[in-house]
Amino acid sequence: YDVIHFESAESDRIEFSFGKTFDGFEEERFRPVIEKAIAKFVETYGTVGARLVIDKNIPLGAGIGGSSSAVAGVVKTLEKLKNTQIDTRFLLSLGSDLPVVYKGGRNLVSGVGEKVENLKYEEKHFVILVGGAVDSREAYTLFDKIGAEKYGKRENHLEKSARMLNKNVILEREILEKLGAEDVVMSGSGSAVVGVFDTEKEAKDVYEKVDKFCKYLAKSTKN
């Protein structure tokens, strides 16, 4: 997960830097994303004195909210320091998945991201494999041309496109299915593929057996 370290400052400036980051992190690529979020916050709610340090651990371009998680963390921090309350319209101006990432927990999302319905908490454990990236725009463009195909129990309409854009998506699914995941699903537009497990022990056992790709352990979170 990403971590935001923050403190208030006497000035009216919002400054940020990056602390710990994942291997291969490209600051020049990601910095404009945070700058845009801060500028939008100031434009909407006014400025506040703050110093932020962002530990960026969730990879980018993997379909697991790598950008949105950090943006949500930053705007939540500024909301707290400013003692204000941000709304759904503001979150949507930063991205269609910001409302659900900002809220956290287990939810059903509809509309263009503005409708977030809380679902009953269900504890699950996950092994996430990431082998490179998939460009979301390319995935959607290809989907318009070739359509979807179902793989496994849960359907992700973009998986067929992601498989063509990044062959690692195929290998990640094969590995998790072979190792006995209860369910396997591609996240977002890829390239992350997620194995679902009932217990932490099952997830850890599989995690230890995987010797390819970047790998992560995760657990479902409560609101």
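## Aromatic cluster

Phe-16, Phe-18, Phe-22, Phe-25 and Phe-30 are linked into a cluster by ring pairs; rings of Phe, Tyr and Trp (its six-membered ring) pair if their centres lie within 6.5 Å, and planes under 30 degrees apart count as stacked, over 60 as edge-to-face and the rest as tilted. The model is predicted: local features need pLDDT of at least 70, side-chain atom pairs count only at pLDDT 80 or more, and totals for chains, interfaces and linings use all residues. Residues are numbered from 1 along each chain as its sequence is written, and side-chain values use heavy atoms, with hydrogens and water left out.

Eight aromatic pairs are counted by this rule. Phe-22 and Phe-25 form an edge-to-face pair, at 5.5 Å centre to centre and 75° between the planes.

## A tilted pair

The ring centres of Phe-41 and Tyr-45 are 5.3 Å apart with planes at 45°, so this pair is tilted. Both residues are buried.

## Surroundings of Asp-2

Asp-2 is buried, with a relative accessible area of 17%. Its side chain reaches the backbone nitrogen of Ile-58 at 2.9 Å. The side chains of Asp-2 and Ser-69 are joined by a polar contact of 3.0 Å (N or O atoms within 3.5 Å; within protein, one must be able to donate a hydrogen and the other to accept it, and residues adjacent in sequence count only if both atoms are side-chain atoms).

Definitions and conventions:
Buried means under 20% relative accessible area, exposed over 50%, partly exposed in between (1.4 Å probe, protein chains only).
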